[in-house]
Amino acid sequence: MPNLLHYLATEFATFEEKPFNPVDSAALSQFCMVRGDGIIPALRERKAFLDLGTIVENLLSPAGRSVRFVDLLRAEAYGNMFTGLAPDMVKQNLLALAASPRFRDLAVRDYLSLFDTERQTQFAAVSFVYKKEFAYVGFRGTDASFTGWRENFNMVYDAPVPAQEQAVRYLEAVALRLPKRLIVGGHSKGGNLALYAALRAKPAVQERIERVYTHDGPGFKAGTVDAAEYAAVRNRVHKTVPQDSLVGMLMDAPANLDLRVVHSSDRGVQQHSVFTWDVEGDDFVYVDGLTDGARFTDAVITHWLAGFSDEEAAVVVDALFQALEASGAQNATEVLSGGTKSIALLSEAAKNIDPHARDVLLDALGSLAEVAAREAAQGLMQRFAPKPKSAV
């Protein structure tokens, strides 16, 4: 089946001829994984984001109005330009956007990148403007750093995390100079940030948002968003997850969320990459629902996390990242994207951290295994339980 890159290579219609669609959003959400420091014009309102100690990574970015995708085709910058779980695909996505008659004349502007190890913050956003018609405000997902992944895990027990607060500030800051029609989106953590920004933006900005795209973006800590808040944007949210979704099913989703399940050509955690999602025409290929494996994993993680208070979860996360740093991995993705192998790797790495943290982490991993075994046993019982006889 065709995928995102095939779509970019073959869709030549302008946005006047074919309206903005979910595949367009996925393509721009992946561009957000490009580090545009020094190339993409920076957001001028930096002071609103700058706390003491926070690194504003785009301080030296130009002050011009905008660039095009072709302006980022600089081989000398490629060594550090692409991030995320699939940096090579992010590079191919940039090349395809630069070549595409549908995308190549978009104005790329208002780049902001913040990174703060002490405050465990990793945030970046960029805006794309089509003539005077509309703007897409895109938020970066998680990079490969320990800091970026730590902030993701902090979402389990803390809300809002700094990146969520920054997302609201960014949307409100750029909206002042963008066309009236706004589309907001992102992939993975970027999808979470896009939805959070739309939910918490001032009414004058929120009313201008036509659509919020969250591509396999996780939900929120329980109690973060209430039904009344979500009601204001619910009909404009377009959430997509692959059939083996893990990330997009984490934590609570707002009530009555319309979830669209996309068919992926890959399996397991690899489906998190939108480059594996099947495309037909100007939309993704959708299926009826999640796989049994995805539902099982969601049930295991949901029940496991429910066993911790916020304070306990914070201790577990701290122990986890002590083990990650002790593992010798160059970045967090080397371990955390390892699927079931990750538990064995973390258990081994835990031998090299302080005794209390080691006990906390091993107990948490043990309880995860217990929950998984219990859920599996319950699933088998339900599968083989005798069905009630129908009434005569």
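**Figure 1. Overview of the predicted protein chain.** The accessible surface of the protein chain in this predicted model comes to about 18,200 Å². Carbon and sulfur atoms account for 54% of that surface. The chain holds 14 helices and eleven strands. Of its 392 residues, 51% count as buried. Among contacts between residues at least 6 apart in sequence, 73% join residues at least 24 apart.

**Figure 2. Contact between helix H6 and helix H7.** Two packed helices are described by the angle between their axes and the distance between the axes. Helix H6 covers residues 162-175 and helix H7 covers residues 189-200. Their axes come within 8 Å and cross at roughly 60°. H6 is therefore oblique to H7. The crossing in which H6 passes H7 is right-handed. On the H6 side, the residues in the contact are Ala163, Gln164, Glu165, Ala167, Val168, Leu171 and Glu172. They meet Lys189, Asn192, Leu193, Tyr196, Ala197, Ala198 and Arg200 of H7. By residue class, the contact of H6 with H7 divides into eight nonpolar, two polar and four charged residues.

**Figure 3. Contact between helix H5 and helix H11.** This view shows H5 with helix H11, which spans residues 310-326. The axes of H5 and H11 come within 11 Å and cross at roughly 160°. Angles over 145 degrees count as roughly antiparallel, so H5 is roughly antiparallel to H11. H5 passes H11 in a crossing that is right-handed. From H5, the contact is made by Phe146, Trp149, Arg150, Phe153 and Asn154. From H11, Val317, Asp318, Leu320, Phe321, Leu324 and Glu325 take part. The residues of the contact of H5 with H11 comprise seven nonpolar, one polar and three charged.

Figure 4. Arg150 lies in helix H5, which runs over residues 146-154. The relative accessible area of Arg150 is 11%. Buried means under 20% relative accessible area, so Arg150 is buried. Apart from neighbours within four places in sequence, Arg150 is in contact with Gln120, Tyr157, Val317, Asp318 and Phe321. Val317, Asp318 and Phe321 are among the H11 residues that make the contact with H5 shown in the previous view. Arg150 itself is one of the H5 residues in that contact.

Key: Residues numbered from 1 in each chain as written. Predicted model: local features only at pLDDT ≥ 70, side-chain atom pairs only at ≥ 80, totals over all residues. Heavy atoms only, no water. Axes fitted to C-alpha atoms, helices over the stretch in contact; angles between N-to-C directions. Helix = DSSP H or I, 4+ residues; strand = E, 2+ residues; numbered from the N terminus. Parallel < 35°, antiparallel > 145°, perpendicular 65-115°, else oblique. Left-handed = near helix turned anticlockwise from the far one by under 90°. Contact = heavy atoms within 4.5 Å. Nonpolar A, V, L, I, M, F, W, Y, C, P; charged D, E, K, R; others polar. Buried < 20%, exposed > 50% of the residue type's maximum accessible area, 1.4 Å probe, protein only. Areas by Shrake-Rupley, 256 points an atom, 1.4 Å probe, with all protein chains shown as cover.
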